[in-house]
Amino acid sequence: MDWGTLVAGLLTFAVFSFLYRDNPAYKWAESLLIGVSIGYTLVIAWTSTVSAMIIDPLSSGRWGVIVPLAVGLMLFGRFFPQTRSWSRIPIAVIIGSGAGAAIPAMLDARILNQMSPTVAPLWGNGLVASFGAIVLLSGVLSTLAYFYFSRERTGWFGAVASTGTWFLMIFFGTTFGYTVMSRVSTFIGRMEFVLGDFLHIIHQ
Amino acid sequence: MTDLRIRRWIFLGLAVIVVLTMLVPVTTKVTVSPYTQRMYDYIDSLPAHSVVMVSFDHDASSQPEIRPLSLCLLRHAFSRGLKMAGVSFQSEGTVIGYRMIEQTAKEFGREYGVDYVYLGFRPQLQAAILQLGESIRGLYAQDYFGTPLDSIPMLVGIDSLAQIAVVLSIADANNTTHWMEYGKARFNVPIIAGVTASMVTSYDPYLSSGQLSAMVGGLRGAAEYERLLNRHGAGQRGMLAQSATHLYLIALILTGNFIFLRARRGKK
């Protein structure tokens, strides 16, 4: 067994020991995880960002990176009272360009593109497709009614809003079911490592 | 019994069920869902030598769930003669992604630089995707090992998402969303996804609208894909444990509700 597998196996047991109660082995494993994660992220950030996007271009004579570098460094102006106002420029660039890129993209992907299947023809594509389209449209309209707070929920509007609650509950239930499945899968995946690679009880 | 003691027994029961079912050499029958079949057919339909950009956008914590699925998708792609360009926008996924792509490439005797390449990590997923749409070399001057992209045979004539056949986003959380918002909407590159099971319901509407060309999720998805590939793997091995655990959880929910209703009736 190599050292990596041994360490990973022992750390897995140290983390699982928390399920019984908090203990020094768990605390040690938790601290190690945080420390290694930060160290790893710093190394990746240095090699992939600072080194690859600043140092390498500058050392090969691509002086154009000085402009974004200078604007980026102005962010650190916040640490000193005399230069605090400098940081507004890069923050304005980040917010402005970020919002400019994100707003049309999100509007397009999350609303406009989603609306077209919602308003699909209700009939003419077969019984199953028609049923699906009617359920989809009912779900969207009743859920929107549920989130409409400018009218009292009585009469026909109250009935539609209540139907929206059912659609929401079904969605939450499905999502929770998938989330449970996801967590169980993670545990199974880890136990496969423990029983296979670490303890060699099962053969993969 | 205190809440803490009850929790310990629940966890112990879960562990016993998972260990016992994994020790039993029984493979449950897996039915292939339309989701998985759609993904299989999509990859199968790509012409040989097409370049697939594989984006490893997940943390290390998702690895136990997402690894079996990733290996299936990579194996299928390599078996079809597709070329792979690996990228990562999550720092923890960088090395994990490289190891998986290297492992599967070796299984099929693929050569680095000719059949696959790994470009590594870049921060800021949204900005990085926009840059990839304009110029891959603008984002990555070198590959993961410091080789200039112009020296890599596989990337000759490839410099933007327009030359990429499809982006395969292997992700946890909502990272695939950014590929659809920026990659698909802006540059019209098709997106397919291998995701954690918890994200399946979130991405379902994107699949219906065609913004996502195909999607497969979780260990269950891996088991189905392994069946399509005729290959026994971690997905199928875990299905008995998964089914038994689900029954255990259903029993717990029913028991909890029974105790709750009985206690409420007792109070009345």
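Student: Let's start with chain A. How many helices and strands does chain A have?

Tutor: Glad to begin there, and keep in mind that the model is predicted. Chain A has 6 helices and 0 strands, and along the sequence its pattern reads α-α-α-α-α-α. The radius of gyration of chain A is 27 Å, well over the 17 Å that the globule rule gives for 204 residues, so chain A is more spread out than a compact globule. Its C-alpha atoms fill a box of roughly 65 × 60 × 35 Å along the principal axes.

Student: What share of the residues in chain A is buried, and what share of the contacts joins residues at least 24 apart?

Tutor: Buried residues make up 9% of the 204 in chain A. For contacts, take the pairs at least 6 apart in sequence: 14% of them join residues at least 24 apart.

Student: Where does α4(A) bend?

Tutor: Look at A:D108, where α4(A) bends by about 35 degrees.

Student: Now chain B. How many helices and strands does chain B have?

Tutor: Chain B has 10 helices and 6 strands. Its C-alpha trace spans about 75 × 40 × 35 Å along the principal axes. Of its 268 residues, 47% count as buried, and among contacts between residues at least 6 apart in sequence, 72% join residues at least 24 apart.

Student: In what order do the strands of the sheet in chain B run?

Tutor: Read across the open sheet of 6 strands, the order is β3-β2-β1-β4-β5-β6, with parallel pairing. At the edges are β3 (116–121) and β6 (214–217) of chain B, each pairing on one side only. The twist from one strand to the next averages 15 degrees.

Student: Which helix packs on that sheet?

Tutor: Helix α2 (residues 34–45) of chain B does, touching β5 (191–195) and β6 of chain B. The direction of α2 makes about 125 degrees with that of β6(B).

Student: Let's zoom in on one strand pair. Over how many bridges do β1 and β2 of chain B pair?

Tutor: Strand β1 (residues 51–57) and strand β2 (residues 83–88) of chain B pair in the parallel sense over 5 bridges. To find your place, note that B:S55 stands opposite B:V87 in β2(B).

Student: How do I judge a single residue? Is B:L74 buried or exposed?

Tutor: Count the neighbours. B:L74 counts as buried because it has 28 C-beta neighbours inside 10 Å, where 20 or more is the cut-off. B:L74 is found in helix α3 (residues 63–79) of chain B. Leaving out residues up to four places away in sequence, B:L74 touches B:M100, B:I101 and B:T104.

Student: Which backbone angle deserves a look at B:N230?

Tutor: Check phi: at B:N230 phi is near 60 degrees, a positive value in a residue other than glycine. B:N230 lies in the loop between α9 (218–229) and α10 (234–267) of chain B, and with 6 C-beta neighbours inside 10 Å B:N230 counts as exposed. In chain A, phi of A:H200 is near 55 degrees, again positive in a residue other than glycine. A:H200 sits in the segment after α6 (155–198) of chain A, and with 10 C-beta neighbours inside 10 Å A:H200 counts as exposed.

Conventions:
Residues are numbered from 1 along each chain as its sequence is written. Chains are lettered from A and ligands numbered from 1 in the order in which they are written. This is a predicted model: local features need pLDDT of at least 70, side-chain atom pairs count only at pLDDT 80 or more; totals for chains, interfaces and linings use all residues. The bend at a residue is the angle between axes fitted to the seven residues ending there and the seven starting there. Helices (H or I, at least four residues) and strands (E, at least two) are DSSP runs, numbered from the N terminus. The radius of gyration is taken over C-alpha atoms; the globule rule is 2.2 Å times the number of residues to the power 0.38. A residue is buried if 20 or more other C-beta atoms lie within 10 Å of its own, exposed if 12 or fewer, and partly exposed in between; C-beta atoms are placed from the backbone. Two residues are in contact if their C-beta atoms, placed from the backbone, lie within 7 Å. Two strands pair if DSSP finds at least two bridges between them. Axes are lines fitted to C-alpha atoms, for helices over the stretch in contact, and angles run from 0 to 180 degrees between N-to-C directions.
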